[in-house]
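Biologist: Can you put the model up and take me through a few spots?

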Amino acid sequence: MSTTTIAISELPAARPFTLRLHDWVTTVDHKRLGILYILFALVFLIVGGIEATIMRWQLVRPHNDLVSPEVFNRMFTMHGTTMIFFVAMPLVFGFANYLVPLMIGARDMAFPRLNAFSFWMTALGGIFLYFSFLGGDGLYGAGSAPDVGWFAYAPLTAKTFSVGHSTDFWTLSLLSSGIGSIGTAINIIATILCMRCPGMTLGKMPLLVWLNLVMAGLVILVVSPLSAAQIMLLIDRYLGGHFFDTQAGGSAVIWMHFFWIFGHPEVYVLALPAFAFASEIIPVFSRKAIFGYPVMVLATIAIGFIGMSVWAHHMFTVGMSAGANTFFVLSTMAIAVPTGIKIFNWLATMWGGKIRFAAPMLFCVAFLFQFLVAGLTGVTLAVAPLDWQLGNSYYVVAHFHYVIVGGILFCIFGAFYYWFPKASGKMLNETLGKLHFWLFTIGFHLTFDFMHVPGLLGMPRRIYTYEPGRGWDTWNLLVTVGVLFQGAGILVFAFNLVWSYLRGKAAGNDPWDAWTLEWSTSSPPPVYNYAVIPVVRSRRPLWDLKHPEDLDWRYE
Amino acid sequence: MSTLSVNLPEGNFDWRLPSRGRVGMYCLIAAEAAIFTIFVVAYLFYIGKNVNGPKPKDVLHAPILYTVCLLSSSITAHAAVRRLVAGNMVAFARFWLLTILLGGVFLFGTAREWAHLILQDDLTINTNLFGTTYYSLVGLHAFHVTMGLLALITVALFYFGARLRSEHADRLEILSLYWHFVDAVWVVVFLVVYVIGV
């Protein structure tokens with residue numbers, strides 16, 4: 001092994017705005033597409049957040065009349081669809097796009113043009129969805145944005161009950177973003193399997209790469225059924241088909257199956273990349289190698305497999321056979337095992353480590369606690385009899401927001417603080433980061449801890465108002481107060497992104513003293529990532545570089 | 001100026017990775033297989049749930065000849081790529097055009113069957129549940145055959161433009177993976193629609 005130092009010139013002088021815009025629109029560079037995905041998602045995060053705020057404002061007290069029932073229906077449909085398909089998915093794909101090639105020592109994704117195509121298909125999906133506010137009326141003068149709920153159960157989506165074009169826009173939006181997702185997933189798998197730098201065997205890949213590999217496999221297997229179901233819905237709506245038309249012998253329940261075959265694994269599609277961020281951040285900020293690397297990989301694969309056999313726990317209240325109920329109770333509980341293994345491994349990584357509570361680590365520690373709670377309420381919902389009581393109540397809403405916000409979004413925030421220096425060359429401001437963390441954590445717990453209670457007291461989801469005196473009033477007020485804190489946290493975060501990008505202090509190549517390959521190149525990395533393709537011998541190539549007296553690969 | 005540290009290998013390093021085209025095509029096939037699975041499940045689930053006619057056994061006739069055409073086109077596609085590897089361009093072209101012809105005959109068969117069903121038997125996609133599932137599943141497959149044919153024809157155009165060389169055999173092999181997949185799906189569709197479904 002010899003080490004060579006290569007000089008790399010800074011970015012060329014600024015070019016006119018139109019030329020730079022043209023560069024971004026026509027780019028096939030994985031880093032730029034990653035950033036485009038993330039910016040796209042951040043815009044929709046604000047939009048989806050405003051929709052959530054409107055809902056919470058409406059529910060702040062009984063008999064409130066901020067919005068009409070119709071608008072309320074549109075808000076929860078748009079909020080759910082936006083947050084899953086145009087915030088969470090693009091964030092996940094954006095980070096995967098940016099990080100995977102850098103972490104495996106490659107110069108780009110396997111198919112750069114497919115990558116650009118996939119991003120623009122996703123963007124088209126977002127445009128379809130929001131164009132419905134303008135074009136949803138169709139010729140019928142009814143409806144504007146979709147109002148069928150984010151899982152769009154039949155027969156609500158039938159022409160009879162959903163006149164106008166709002167449901168069509170919803171379907172087209174999911175179909176087009178689904179094509180984008182499948183394209184990106186194919187790209188991620190091909191990149192990971194075929195573009196690794198010399199020496200990086202599967203067992204030496206960073207955990208982030210492993211988890212994204214499994215995530216991409218899941219996307220291929222579960223987003224395709226969603227696309228198939230959307231094609232069927234389009235056939236029903238445009239060609240007069242009868243897939244979900246119960247009058248003609250069709251079945252509304254089969255839509256539920258098709259949707260949740262996608263819908264539940266989707267949680268793991270989003271959670272695995274979140275786990276991936278935690279698996280990179282926690283070791284670096286504990287100054288220890290990850291505990292139980294092979295077990296972490298196996299647990300990930302187990303989550304992928306079991307995750308595809310739990311979908312009908314969303315349908316306990318529909319009335320399935322006892323055999324089906326039992327199967328889905330047991331499979332749903334079984335998935336707590338590999339997930340629990342992961343939590344213990346992260347804890348064991350921190351155990352005895354020299355922990356630095358910088359912003360990325362703060363978010364990951366909160367994630368550990370919150371994800372545990374989310375998993376525990378998940379186990380309660382896996383019990384079919386309890387689910388008959390709690391299904392479609394605010395308890396369910398609280399549970400899955402605990403997973404998606406408390407688990408996944410916290411890790412994504414951690415990832416922002418951790419990798420922003422790499423992508424921009426500037427550190428995010430740490431004081432603002434801590435303020436963001438505390439505002440958001442307090443807001444999160446106010447909103448989603450207390451949201452469990454009205455659910456237990458019988459408050460159904462998706463109601464636009466409620467009667468006073470049912471014991472729900474105070475809880476709903478507290479939940480809405482939490483939204484203010486979360487909103488303030490997001491504003492601090494957005495300000496921090498902009499301010500630090502313009503005024504932040506320079507990051508240098510490796511601000512966190514980390515161990516994976518992306519920290520060996522400059523910040524931001526050059527277009528070609530690595531002037532010379534690196535060669536690795538262990539899971540922590542930069543540790544080997546920094547500590548030639550204590551090489552990792554001697555122990556692995 | 002910033003600096004970058006990298007490790008350089010000592011001597012030769014044996015490092016082989018799978019072809020990205022092949023991996024990408026296998027992933028695409030997995031995604032397509034998942035889509036077909038959903039349509040096949042819907043078809044099987046809805047067998048016999050019609051509330052009005054016509055029923056499958058009244059109107060469906062198994063297209064055995066066209067099935068033979070499509071399945072043998074897989075063999076000719078494979079043979080064509082073998083010839084290309086060997087550098088025998090004329091033999092390649094013969095087999096490749098035969099593949100296109102066989103695929104085209106299959107599509108013609110589907111078109112004839114549909115014309116008969118629509119004009120003679122009054123079965124369209126909105127007639128009943130059978131019509132919906134039948135035209136969707138068979139149509140989804142026919143769409144994939146069409147896409148495959150367009151790809152095969154593109155290659156043929158490159159051949160006639162004298163741009164095709166035996167170095168491209170690997171890419172054609174990846175393309176023929178897709179064609180084999182489309183043929184394999186037909187076996188499933190055939191079983192479901194013309195054997196189990198009637």
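Modeller: Here are some notes on helices and a loop. The model is predicted, so local features need pLDDT of at least 70 and side-chain atom pairs count only at pLDDT 80 or more, while totals for chains, interfaces and linings use all residues. Residues are numbered from 1 along each chain as its sequence is written, and chains are lettered from A and ligands numbered from 1 in the order in which they are written.

Biologist: At what angle do H11 and H14 of chain A pack?

Modeller: About 15°, with the axes of H11(A) (residues 359–382) and H14(A) (residues 430–456) 9 Å apart. That makes H11(A) roughly parallel to H14(A) (angles under 35 degrees).

Biologist: Which residues make the contact?

Modeller: On H11(A) they are Ala359(A), Leu362(A), Phe363(A) and Ala366(A); on H14(A) they are Glu430(A), Gly433(A), Lys434(A), Phe437(A) and Thr441(A). Contact means C-beta atoms, placed from the backbone, within 7 Å.

Biologist: Over to chain B. Where is Glu167(B)?

Modeller: Glu167(B) sits in the loop between helix H5 (129–160) and helix H6 (169–196) of chain B.

Biologist: Buried or exposed?

Modeller: Glu167(B) counts as exposed because it has 9 C-beta neighbours inside 10 Å; the cut-off for exposed is 12 or fewer.

Biologist: How far is its C-alpha atom from that of Leu84(B)?

Modeller: The C-alpha atoms of Glu167(B) and Leu84(B) are 8.5 Å apart, although the two residues are 83 apart along the chain.

Biologist: And what comes just after H1(B)?

Modeller: Gly48(B), with a positive phi of about 80°.

Terms used. Axes are lines fitted to C-alpha atoms, for helices over the stretch in contact, and angles run from 0 to 180 degrees between N-to-C directions. Helices (H or I, at least four residues) and strands (E, at least two) are DSSP runs, numbered from the N terminus. Angles under 35 degrees count as roughly parallel, over 145 as roughly antiparallel, 65 to 115 as roughly perpendicular and the rest as oblique. Two residues are in contact if their C-beta atoms, placed from the backbone, lie within 7 Å. A residue is buried if 20 or more other C-beta atoms lie within 10 Å of its own, exposed if 12 or fewer, and partly exposed in between; C-beta atoms are placed from the backbone.
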